[in-house]
Amino acid sequence: MTTVLETRKLTKTFGGLVAVNGVSLSVNAGEAFAVIGPNGAGKSTFLNLLSGLMSPTDGEIFLNDTSVTNSPAHGLRRLGMARTFQNGRLFQRLTVLENVMAGGCPGEGARLIDVVLRRGFYDRWQDALRARAETALKKLDLWAMRDAEISQLPFGVQRNVEIARALAAEANIILLDEPAAGLNSGERVALVRALKDLKSEGLAVVLIEHDMSLVMAWAERIAVLNFGEKIAEGTPAEVRANPKVIEAYLGTEAVDA
Ligand code: ADP
Ligand code: MG
């Protein structure tokens, strides 16, 4: 198994509060991995650490065997990581295709000077970006909507556009922050289908999610956070039967998905 992402004793404190407390885990190539936990467990903070939006107080992060512990988000992009945001970050006045193309980043050597001086290089880059965007849209059943403006589309479709954008960025690992939040049941079905498509592409996916049923239906492995600590890790069946997990979720929601 190739490890794509690894954290070692990752820790983040805010003043006296330990939001993420010594969390170690690893995600393999092509794996469908979920991080769950009750509200306030540290899920979003953990994701922000992984994607370079926050620096850890302690511990280490490795991406494709490279230490990226204090790398900024754009550095992680170049090393193969893409992410979506809980509240979406699409350009509302641009089309679906334009948004997905905006996810691509220039390949090796695409410095500004190349873009300015070598028009041919820029054209080839644009063509490659467009081809990748078109492939991603077809894979995620969004092709028919490619020319629609984002602001005209339902929320659930917008979520899948974000996933297409991550796919077009040619990442080998994608982080998704609560993608099911605010979706209706039909949109959730489409989302689970999109997530399964990502898996069939051989991408590792780390899903941060509150919605148990979605996680249970999709994940191969689940890590459970509670008060910043990893209290369990295993298959959906193992996690669902774990007394510590049941206790952590008692009073908030049932683990019966
Ligand atoms: P989750 O996403 O699992 O609901 P969070 O990672 O958002 O949990 O929060 C974990 C804990 O860290 C909570 O107690 C939260 O109040 C606290 N926290 C999160 N972000 C900050 C911040 N920027 N400053 C201070 N405390 C924070
Ligand atoms: Mg959160």
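Ligand 1 in this predicted model is surrounded by F14, L17, A19, P38, N39, G40, A41, G42, K43, S44 and T45, where a residue is near a molecule if one of its heavy atoms lies within 4 Å of it. The residues of this shell divide into five nonpolar, five polar and one charged, with Ala, Val, Leu, Ile, Met, Phe, Trp, Tyr, Cys and Pro counted as nonpolar, Asp, Glu, Lys and Arg as charged, and the others, Gly among them, as polar.

Local features need pLDDT of at least 70 and side-chain atom pairs count only at pLDDT 80 or more, while totals for chains, interfaces and linings use all residues, and side-chain values use heavy atoms, with hydrogens and water left out. Residues are numbered from 1 along each chain as its sequence is written, and chains are lettered from A and ligands numbered from 1 in the order in which they are written.

**Ligand 1 and its shell**

- Polar contacts are pairs of N or O atoms within 3.5 Å; within protein, one must be able to donate a hydrogen and the other to accept it, and residues adjacent in sequence count only if both atoms are side-chain atoms.
- The side chain of T45 places an N or O atom 2.6 Å from an oxygen atom of ligand 1, a backbone N or O atom of S44 lies 2.9 Å from a ligand oxygen, and a polar backbone atom of A41 is 3.1 Å from an oxygen atom of the ligand.
- Taken alone, ligand 1 exposes 560 Å², of which the protein buries 59%; accessible areas come from the Shrake-Rupley method with a 1.4 Å probe, and for residues only the protein chains shown count as cover.
- Both β2 (17-28) and α1 (43-50) supply at least two residues of the shell, and the largest share, three residues, comes from α1; helices (H or I, at least four residues) and strands (E, at least two) are DSSP runs, numbered from the N terminus.

**Helix α1**

- Seven of the eight residues of α1 are buried, so that the helix is mostly covered, buried meaning under 20% relative accessible area, exposed over 50% and partly exposed in between (1.4 Å probe, protein chains only).
- The buried residues of α1 are K43, T45, F46, L47, N48, L49 and L50, and just after this helix G52 takes a positive phi of about 80 degrees.

**The sheet β2-β1-β4-β5**

- Four strands form an open sheet in the order β2-β1-β4-β5, with antiparallel pairing, and two strands are taken to pair if DSSP finds at least two bridges between them.
- Because β2 and β5 stand at the edges, each with a single partner strand, one side of each is left without a neighbour in the sheet.
- Five bridges join β1 (residues 3-14) to β4 (residues 58-63) in antiparallel fashion, and the bridge partner of E6 in β4 is F62.
- Two bridges join β4 to β5 (residues 66-67), again antiparallel, with L63 standing opposite T66 and F62 opposite S67.

- Most residues other than glycine have a negative phi.
- The hairpin of β4 and β5 has two residues between the strands, and within it N64 takes a positive phi near 45 degrees.
- D65, in the loop between β4 and β5, has a positive phi of about 70 degrees although it is not a glycine, and at 69% relative accessibility D65 counts as exposed.
- E170, found in the loop between α6 (155-168) and β7, likewise is not a glycine and has a positive phi of about 55 degrees; E170 counts as exposed because its relative accessibility is 56%.

**Two loop residues**

- T84 lies in the loop between β6 (81-83) and α3 (96-101) and counts as buried because its relative accessibility is 5%.
- Not counting residues up to four places away in sequence, T84 touches E162, I163, L175, L176 and D177, contact meaning heavy atoms within 4.5 Å.
- N184, in the loop between β7 (173-177) and α7 (185-200), counts as partly exposed at 44% relative accessibility.
- A polar atom of the N184 side chain lies 2.8 Å from the backbone nitrogen of E187, and the C-alpha atoms of N184 and G156, 28 residues apart along the chain, are separated by 7.7 Å.

**The whole protein**

- The secondary structure comes to 10 helices and 10 strands, and 49% of the 257 residues count as buried.
- The protein exposes about 12100 Å², with carbon and sulfur atoms supplying 51% of it.
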